[in-house]
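Biologist: I want to learn how to read pockets and a ligand site. Can you take me through one example?

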Amino acid sequence: MTDFAPPLDDISFVLRRIVQVERLASFDAFADGGLDSLGDVLSEAGRFATEVVAPTNRTGDLEGCTLVDGEVHTPTGFAKAWGQYVAAGWAAAPFAPEYGGGGLPWVVATAIFEMMTAANTAWALCPMLTHGSIHLLQEHGDEGQQATWLPRLVSGEWTGTMNLTEPQAGSDVGAVTTKAVRQPDGTYRISGQKIFITWGDHDMAGNIVHLTLARTPDAAPGTRGISCFIVPKLLLDEHGAPARPNAVTCVSLEHKMGIHGSPTCVMAFDEAEGYLIGEEQAGMRYMFTMMNNARLSVGVEGVGLGERAFQQALGFAQERHQGRAGGSKQSVAIVRHPDVRRMLLTMRSLTEAARAICYETAVATDGAEHHPDTDVARRAQERADLLTPVAKAWSTDVGNEVAHLGIQVHGGYGFVEETGAAQHARDARITTIYEGTNGIQAIDLATRKLGIRDGAALEDLCREIDDVADQLDTAGFSVCSSALAAAVGQVRTTAAWLRDHAADDVLAGATPFLRLMGHTVGAWLMGRALLALDGEDPAFAEGKRASASFFLTQLLPRAGGLVPSITAGADALATVI
Ligand SMILES: Cc1cc2nc3c(=O)[nH]c(=O)nc-3n(C[C@H](O)[C@H](O)[C@H](O)COP(=O)(O)OP(=O)(O)OC[C@H]3O[C@@H](n4cnc5c(N)ncnc54)[C@H](O)[C@@H]3O)c2cc1C
């Protein structure tokens, strides 16, 4: 199997030239945030991902996790890699220095996470869920909870989980029935069963902090009545050290299509001790802090898997000889065949567009949280809100498309397991499902996000896209410019159609609309790349020009074909069988 090489040139280009990460250095929060030495930070993270994490990827897939006497054991090498990750400070890198964090902007953490998840998606889910738990506690925990739980979650000594799903409560989180009963001492007793809990138990850390949704006895029905609790695996003694087991256990592990190295646990809560976060019945709002963060990270999983699949397919195509080309007498490497080149360029440009979308979303969250001007911060939050469903759903669709193209490039060697190409596709498959299925993301975009500031947040974005289309025209990229102008026109007209139609028609058009948005936003950012290549390394610039032009001229137009599906209305779907 081809080794993974961190794509530092494109990551660094997108950070510097597309999302202009250096702007963040003027925010107080990032004054000491390592932006001066960004290149070193990225290359060290890339080295760690390649040398420490990537070698565990295949082992994790082959061995999977095991449950023995109620304890989950992770595959060979996972715990060692986690220990090194924690010791090197990567777990803490993006968090506030007051809790022992390194203070890096979220967009840089996103780039680091991309490399870790490309190296081993199953392993990287553990830090991903922990990041989400930290965000939730930072935003909504009280001072005592923050002091107790955050330093050791930030350091990576302990890890976090997200306990929402129950057998009857998947997309419909409001159907959660896990019970929480208040005790005289102010703690709660939590009882019920959660399923599909990622990293719900394992042997890599000293404690596990389960952020758990449950319902108090007189709670309102649906999402309005849900509360959020901290339920530790091990209860703490008076010094804050893990002392004795809580009544929360992993009772079985799922056998899955992919991410075998990530334990997906059925968790039983049997009057487990839990601590309320914030107020009763406000838990769904708190959990959204975690979910928004996790949604972007799942989008980044699509990017990481796409990058890894592309690198592997390219390596294979350069070595595998079949057929003749250009009058050669000998068989040539398949990379010489135009149809194979089309697959490779599609893989590369989709992955790069998804990377740019995810980083643009991440930098908006940095602006929302830290920009000193509250109006600018509010606009940044709107941009993050608008782009998050696109970053999640479009990038994971891309991860799947790219991983499947990777199998196609390998021919039969992709379908058999030993090349590893199939693992990327199996691992990618879950990314369109968890953290809110892509269908749910599309509904969120069409029913809520399009309406932000009465549609003005979308219009602000469209104007920026118009501007790039104009600049592309002036710079001589007229075909790219026309394609981008056509796509943003389609976004405007279909968004207006969605705003004017009945709820069922909007729900029916939501997924094709999200795909149109993903292609258009990706093309906007690839267009900005085309305009920013002056002064870059010539070899990099040549490759990026090819990839960005290909995206704008050959992939973007396919989005126009979605317009009839967006505007067909619900009646067109009336008969399924
Ligand atoms: C490997 C793995 C790891 C996971 N990790 C976690 C975790 O750590 N914590 C956690 O809490 N959960 C976790 N989950 C659960 C995951 O978030 C859910 O599987 C997901 O939310 C979908 O719920 P469901 O599986 O019940 O599917 P369903 O909700 O039954 O959906 C089935 C289909 O119906 C569609 N659908 C459902 N409702 C609607 C609607 N209103 N409108 C339109 N379409 C709809 C969906 O898009 C989907 O296509 C994990 C799942 C897996 C498989």
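Biologist: What volume does the largest pocket have?

Modeller: This is a predicted model. Its largest pocket has a volume of about 1200 Å³. There are 47 lining residues, and those closest to the pocket centre are Thr165, Ile433, Tyr434, Glu435 and Gly436.

Biologist: Which elements give two or more residues to that lining?

Modeller: Helices H6 (121–140), H8 (283–319), H12 (421–429) and H13, together with E5. H8 gives the most, with five residues.

Biologist: How does the lining of the largest pocket divide by class?

Modeller: Into 21 nonpolar, 13 polar and 13 charged residues.

Biologist: Where does the ligand sit?

Modeller: The space taken by the ligand is the largest pocket. Strand E3 (158–163), strand E5 (188–198) and helix H13 (438–447) each give two or more residues to the shell around the ligand. E5 gives the most to this shell, with three residues.

Biologist: How many residues surround the ligand, and which are the closest?

Modeller: 18 residues surround the ligand. Thr165, Ser171, Phe196, Thr198 and Thr437 are the closest. By class, the shell has nine nonpolar, seven polar and two charged residues.

Biologist: How do I read the polar contacts?

Modeller: Look for pairs of N or O atoms within 3.5 Å. Start with Thr165: a polar atom of its side chain is 2.6 Å from a nitrogen atom of the ligand. For Thr198, an N or O atom of the side chain lies 2.6 Å from a ligand nitrogen atom. Thr437 places a polar side-chain atom 2.7 Å from an oxygen atom of the ligand.

Biologist: What percentage of the ligand's area does the protein bury?

Modeller: Taken alone, the ligand exposes 970 Å². The protein buries 61% of that.

Biologist: Now the next pocket. What is the volume of the second largest pocket, and which residues lie nearest its centre?

Modeller: The volume of the second largest pocket is about 690 Å³. Its lining has 29 residues, with His135, Glu139, Asn293, Thr365 and Glu369 nearest the centre.

Biologist: Which elements give two or more residues to the lining of the second largest pocket?

Modeller: H6, H8, helix H9 (338–370) and helix H10 (374–410). H9 supplies the largest share, six residues. H6 and H8 also give two or more residues to the lining of the largest pocket.

Biologist: And the classes?

Modeller: The lining of the second largest pocket has 13 nonpolar, 11 polar and five charged residues.

Conventions:
Residues numbered from 1 in each chain as written. Predicted model: local features only at pLDDT ≥ 70, side-chain atom pairs only at ≥ 80, totals over all residues. Heavy atoms only, no water. Near = heavy atom within 4 Å. Polar contact = N/O pair within 3.5 Å; in protein donor to acceptor, adjacent residues only side chain to side chain. Areas by Shrake-Rupley, 256 points an atom, 1.4 Å probe, with all protein chains shown as cover. 1 Å grid on protein atoms, 1.4 Å probe; cavity = no way out; pocket = protein on both sides within 12 Å on 5 of 7 lines; lining within 4 Å. Sits in = over half its atoms within 2 Å of the grid points. Helix = DSSP H or I, 4+ residues; strand = E, 2+ residues; numbered from the N terminus. Nonpolar A, V, L, I, M, F, W, Y, C, P; charged D, E, K, R; others polar. Points joined across faces, edges and corners; volume = space filled by probe spheres on them.
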